[in-house]
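Dear colleague,

Please find below the structure that I am handing over to you. A summary of the findings follows it.

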Amino acid sequence: MAINDQGTSGPMIGCGDSIVATTTGLVIYTDRVEAAISSLLDTKDAHLGQSGLVNSLADSNLSYVSSSVSSGTVTVELTGELRSGGICDNPRIIAQLEYTAMMAADVPQAKILVNGKEIAFRLSGK
């Protein structure tokens with residue numbers, strides 16, 4: 001996430017932030033969605049080196065369970081503890097997961113489930 005850059009570095013989300021694609025080292029999986037999401041969730045650094053990019057999922061303890069694609073939507077199921085730093089972190093977390101899943105599955109929409117419930121519901125505190 002490029003914090004407060006008003007959509008300069010990528011699609012604008014949340015509180016004037018941008019979602020920015022990054023690369024990781026070589027990972028061999030049979031499922032591209034699993035590889036991409038697992039790599040994202042395994043990264044526990046809050047900042048990506050000196051880039052200024054932020055990982056809003058760094059404090060969460062989530063694990064990939066499964067994914068499926070149907071009618072242009074990838075559905076990703078995760079399990080574990082989801083932690084947010086507040087109102088601006090919520091859309092960052094959602095965007096990081098959704099964009100990662102959409103790019104890996106090559107589809108235009110994503111649905112993220114955490115412990116069986118949609119991520120937006122989990123982040124709403126209800």
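**Findings**

N4 is found in the segment before β1 (12-13); strands (E, at least two residues) and helices (H or I, at least four) are DSSP runs, numbered from the N terminus. This is a predicted model, in which local features need pLDDT of at least 70 and side-chain atom pairs count only at pLDDT 80 or more, while totals for chains, interfaces and linings use all residues. Residues are numbered from 1 along each chain as its sequence is written, and side-chain values use heavy atoms, with hydrogens and water left out.

N4 has a positive phi of about 55° although it is not a glycine. N4 is exposed, with a relative accessible area of 52% (exposed means over 50%, buried under 20% and partly exposed in between, with a 1.4 Å probe and protein chains only). Q6 lies in the segment before β1 as well. Its phi, near 60°, is a positive value in a residue other than glycine, and Q6 is exposed at a relative accessible area of 53%.

S18, in strand β2 (residues 17-18), is buried, with a relative accessible area of 0%. Leaving aside neighbours within four places in sequence, S18 is in contact (heavy atoms within 4.5 Å) with M1, A2, D5, Q6, G7, T8, S9, G10, P11 and M12. A polar atom of the S18 side chain lies 3.5 Å from the backbone nitrogen of T8. The backbone oxygen of G10 lies 3.3 Å from a polar atom of that S18 side chain.

The axes of helix α1 (residues 32-42) and α2 come within 8 Å and cross at roughly 150°; axes are lines fitted to C-alpha atoms, for helices over the stretch in contact, and angles run from 0 to 180 degrees between N-to-C directions. The two helices, α1 and α2, are therefore roughly antiparallel to each other (the term applies to angles over 145 degrees). Their contact is made by R32, V33, A36, I37, L40 and L41 of α1 and by Q96, L97, T100, A101, M103, A104 and A105 of α2.

Q96 is found in helix α2 (residues 89-105) and is buried, with a relative accessible area of 7%. The side chains of Q96 and N55 are joined by a polar contact of 3.2 Å (a pair of N or O atoms within 3.5 Å; within protein, one must be able to donate a hydrogen and the other to accept it, and residues adjacent in sequence count only if both atoms are side-chain atoms).

Yours sincerely

Definitions and conventions: Parallel < 35°, antiparallel > 145°, perpendicular 65-115°, else oblique.
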